[in-house]
Amino acid sequence: MDNLHLYHELEALLRNDSKYCMDDGTLIKAKIVEDALNLQPDLLKYLLSHKALKENFFSEASELLVFDKVKFQRFVMNKSFLPDSYTAFKNKIGLTVEDGRFVSESREVVLSWPYKDCVLEGEQTQDDEKRSELFWNENLAPEEVNRLLEPKVLCNFKRYTKDGFTAVEHISKDDNLVIKGNNLLSLASLVKTYEGKIRCIYIDPPYNTHSAANTFAYNNSFNHSSWLTFMKNRLVLAKRLLTEDGLIACAIDHYELFYLGVLMDEIFGVNNQMGVCAVVHNPGGRQDEKFFPTAHENMLVYAKDITRVSINNLPESDEKIKEYKYSDEYGNYKLRGFRRSGNNSLRTERPGLFYEIYIEPSKKIISLKNFAGAIKLLPIDENGVERCWRWDQESLMAKKDKYIEIKCIKGKYDLYVKERQCDYTGERAKSIWDKSEYSGQTATCEIKKVFGDKAFSYPKSIYLMIDVLSVLSNKNDIILDFFGGSGTTANAVIELNRRDGGRRRFITCEQMDYINTVTVPRLQSAIFRGDNNVNYGDSVAQSFCYCELAKANATYVEEIQAAQNTDTLKSIWQRMKDTGNLNYRIDIASFDSNVSSFEQLSLSDQKRFLVECLDKNLLYIPASDIDSDEYSLND
């Protein structure tokens, strides 16, 4: 018997004793708990008379029955109806003792992370929504969590192509995906198909900040504890999606950096921390800050298994390409002195690299043996310091024709290495990422090119994302961003494939309504920008599939939030109770008989109560119910 039915059975049993009920039938939980802790015989007799209650709260030891009063107390105190209250049931927050009881119930105290064992859904579709969030506790109600995270039905599929959009006849792992809906539930719905298939995850989550750039539009009243819960739920699922050699990068500011770092250490393992990078996105600093104007954000990078991970070098920048200003039959190159300088360049340090070289400039002869008319060179600098050459004698003679040039500067001949562009494999990414095109101003300008207006607050630079994905992914990988925002990560995948001929695929999740006004149009523009010289190899790579989590109770939530008066809300209530998809704690008869009390509440409190009446596990349609007549889903 699950907890819901067990609670109802306990309620019915205890209503038979007047000392446990008020005149209106409401259970006096404090009295029940007191008698349980005192092992009151009448209460124990009631519990022993019921098979399921006996099995749940008593255990056998040496032919005796032992009552688990702690388990019973927690069960009673953490299950609640809302028959006599139009306010939300709130999980208690505070100091707890080791077994989870609160400080008022014990003398031994430890600091507890509130909500650590809970699930925070974070449901929102509009920037200005600031509704209270519902938490599910994994320990007290695992069946609720399991139902919440079941895969959901996806609907409203559209395949966007160069000709607009068409219906979706089939879908495969080669498709690019854009999913609208709660990202926690989207991740849970992706697990069955994509578990162990995603090579790279990049996220730029909303977070608390003291500045004007507070990107935690989901609910700006979240504190560190609930924000960590919000992130933990999603990162646990994200880890399951990663390949064994997969990695995740998370952008974060300093305000949540330390909290997120500890959380990711716990989930991915401290040994799998690859690095913390500083990305300069505002060179002038954020001037609305009191002490140190912030000029950068942080990027935490973790591996699923660091022993299996490899990363790439950064691609060539335009500035780097311009350095290769010379050319010959082998291609472009730049020059570097063949004589070493700086550290580890003295003859005493590397005596084997100090030797004579003989040249004849007009005939481009380079030799280790003296000959008639030869000019002798030694690695001695302009100050007379004996240094050394870059290569040994064997390497010099093997590579001189392609890689060594003789030049005369200020009347003195010297040798130079031709560093060729074709040999350049890129620069290793350092812990500081600093390019002018990483700035927020650049990112905003890119958005304006598409929409002719700002259209989106604090977008990420596509040039930053191209570099991030160049380093952290390979040409055939699947890249996931479950805080899709304006679609910068997906856009970067498109552009990177355009540059290197890759076949990367993207999955982008976003629950905010701007996905249809910003994200999708931006990706359409990116893929179908009229670049006829691009060959992706097949039509699938030139498209993406859009879909949505199929709504159930979420439809009621939207109606409630949009309601302008009490009569509209009462009408919604009539339809809500007919569906049967209400929170099991709600006493429908009590509501209907006390509707006048409901009418006396403020409109915002009326909305809050109706939202809390809904079963949040059924905001979206479970995939297991896809054939149910209740939802009338089409093929």
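Here's a quick briefing on the cavities and nonpolar cores of this structure. It's a predicted model, so to speak of local features takes pLDDT of at least 70, side-chain atom pairs count only at pLDDT 80 or more, and totals for chains, interfaces and linings use all residues. Residues are numbered from 1 along each chain as its sequence is written, and side-chain values use heavy atoms, with hydrogens and water left out.

**Cavities**

- The count comes to three cavities of 30 Å³ or more, a cavity being a set of points on a 1 Å grid over the protein atoms alone where a 1.4 Å probe fits but cannot get out.
- The second largest cavity holds about 50 Å³ of space, with volume taken as the space filled by probe spheres set on the points.
- Tyr7, Leu10, Glu11, Leu14, Leu27, Lys29, Ile32 and Val76 line the second largest cavity (lining means an atom within 4 Å of a point).
- α1 (3-14) and α2 (29-37) each give two or more residues to that lining, and α1 has the largest share, with four residues; helices here are DSSP runs (H or I, at least four residues).
- By class, that lining has six nonpolar, no polar and two charged residues.

**Nonpolar cores**

- The largest nonpolar core has 66 residues, and Leu235, Ile248, Leu260, Leu480 and Ile507 touch the most other members; core residues are buried (under 20% relative accessible area, 1.4 Å probe, protein chains only) and joined through side-chain atoms within 4.5 Å.
- Helix α8 (residues 224-241) gives this core its largest share, eight residues.
- Leaving aside neighbours within four places in sequence, Ile248 is in contact (heavy atoms within 4.5 Å) with residues including Ile201, Leu235, Met264 and Phe268.
- Another core, of 38 residues, lies apart from the largest one and has Val301, Leu472, Ala490 and Val493 among its members.

Notes
On a 1 Å grid over the protein atoms alone, a cavity is a set of points where a 1.4 Å probe fits but cannot get out, and a pocket is an open set with protein on both sides within 12 Å along at least five of seven lines; lining residues have an atom within 4 Å of a point. Ala, Val, Leu, Ile, Met, Phe, Trp, Tyr, Cys and Pro count as nonpolar, Asp, Glu, Lys and Arg as charged, and the others, Gly among them, as polar. Buried means under 20% relative accessible area, exposed over 50%, partly exposed in between (1.4 Å probe, protein chains only).
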